[in-house]
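Dear colleague,

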Amino acid sequence: MRRIATSALFTLIATIAASIGIFVGGVASVDVGPFRTTMAVEPSTVGESEVYLPPLGSLIFDSHDGPLRLSLRLDSLDQSRTQELIADPAGVEKASATVPDDLVVGVTDVALGATGGALLAGIVVGLLLFRSGRRALICGTMSLVVALSGMGVAASTLRPDSITEPRYEGLLANAPAVVGSAQNIADRYEKYRDQLQQFIVNMSQFYTIARTLPAFEPDPGTIRVLHVSDLHLNPAAWDVIVSVTKQFQIDMVIDTGDITDWGTQQEADAYTERIREIAAPYVYIRGNHDSQATADTIAEHSNAVVVDDDVVDVEGLRIAGIGDPRFTPDKSAKPSDWREEQVMLDSGTQLRDTIVRSGGADLALIHDPVAIGPVAGEVPLILSGHRHQRQAELVDDDTLLLVQGSTGSAGLRGLQQDTPVPLQLSVLYFDNDTKLLQAFDDISVGGVGETEVTLQRHILTDGLPDDDSDLIPPPDEVVDEDDPDLEPDSGPTGSEQPASDPEATSEEPD
């Protein structure tokens, strides 16, 4: 028993010493292409690799599993190369040609430093605690074994393709330049080297042009769609939508409903006016908070396309959509039979019949995911909203469902929660020939001035994910839109089924 306790104590001490040694010794200065960088490894439970891009943000890759995390910080451009890069259009490509080899050298230096640090830390800690050279050597050896074991786990779980699906955290304006082209990534370069070089090209161009956004040309054969939903009268949503539309070269915006809270004419007139500022078609379906008057007002905008039990052609895509059959702005009203699930399923059946009669569609728009059942299998992609939480799910072997979060931070109800709700929207990339979804970028925006952003890229093959685990599962607790506690200040209580005419509804909230 004593021997077991002693072994456990040595193991614990060696692990702590190894962590300290790895943290202190696993650091190296490395030239990666035209950049001077600092590469480091540190203990971690999640693995991953992170590239810091001061002052832009960082890119995070699910490159491996724990217990070690690799980081690389781009410190500066080599001054001696800067003028050459600016003067020679091909200078960046030339300077980045050695990127993969540079990274191998850097990782090797970091690994040697980390193992050496673990060994030394183990010996020093052993001497301090045990006052014995033999025990210090044992402790150092065990620390070395711990460090090598961690590196072995990281190496055995290495996922080189993770570079195709970065998660970006930083400033919204910088996202397109940093993450690069989803079209090129979706095409899956056969050579990993090319991807590394292109990343350095993007960053070098950014830094050499005085940190102004470089040209971001649309890729041939790509249709870029911005998916938004549940704006709920939040004025900040328009600033983000307009910004992303410009920065990501969006071809059309799709809104899956609940642009207002109460569906009044006053809301529609004042709030939807900014649709005119969007330099792309604005495709819209009604949500359960939107009245027919809301849809009619949106339809008056020259760039708006209101879809309701119809199939339309917009920017090369055949889009089917149907408005929510309910109109339920007053959540103090008691649910009645007309709001039951069957009403929603009937709506989905109605849209399915419309799709079949029209000869098919590339995607379908439905506000509430409850209604998607009859449509699954008829289209490769269904876009939805309503739940105020993201979800990506295969609902049929050939149909992908993407549920958008709230682009309006859930409106007033979002302010009532302890944790602020982020603005969420997604950039979808469609192949112009097959019309299939190739990739999508999930964007979450929040923070001071609505500028801090997290972007997660997802890559698809033939419109579907390679692995279901790459999708966003249904949340454990979906925001319940029928919960009065999460709604704006409600109007009079005890009303019957809301009328389809906004003029006949309860009074507006105070």
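In this predicted model, Q391 stands opposite V403, a residue of strand 16. The two strands concerned are strand 15, covering residues 391–396, and strand 16, covering residues 399–403; they run antiparallel and are joined by five bridges. Two residues lie between strand 15 and strand 16, and the pair forms a hairpin.

D431 is buried but takes part in no salt bridge. The nearest side chain of opposite charge is that of K435, at 7.3 Å, whereas a salt bridge requires a side-chain nitrogen of Lys or Arg within 4 Å of a carboxyl oxygen of Asp or Glu. The side chain of D431 does, however, have backbone partners. One of its polar atoms lies 2.8 Å from the backbone nitrogen of D433, and the side chain of D431 also reaches the backbone nitrogen of T434, again at 2.8 Å. Leaving aside residues up to four places away in sequence, D431 touches G221, L436 and Q438.

As to the chain as a whole, its secondary structure comprises 13 helices and 19 strands. The chain has 510 residues, of which 53% count as buried. Among contacts with a separation of 6 or more, 66% are between residues 24 or more positions apart.

With kind regards

Note on methods. Residues numbered from 1 in each chain as written. Predicted model: local features only at pLDDT ≥ 70, side-chain atom pairs only at ≥ 80, totals over all residues. Heavy atoms only, no water. Helix = DSSP H or I, 4+ residues; strand = E, 2+ residues; numbered from the N terminus. Buried < 20%, exposed > 50% of the residue type's maximum accessible area, 1.4 Å probe, protein only. Contact = heavy atoms within 4.5 Å. Lys, Arg positive; Asp, Glu negative; His and termini not counted. Polar contact = N/O pair within 3.5 Å; in protein donor to acceptor, adjacent residues only side chain to side chain. Pairing = 2+ DSSP bridges.
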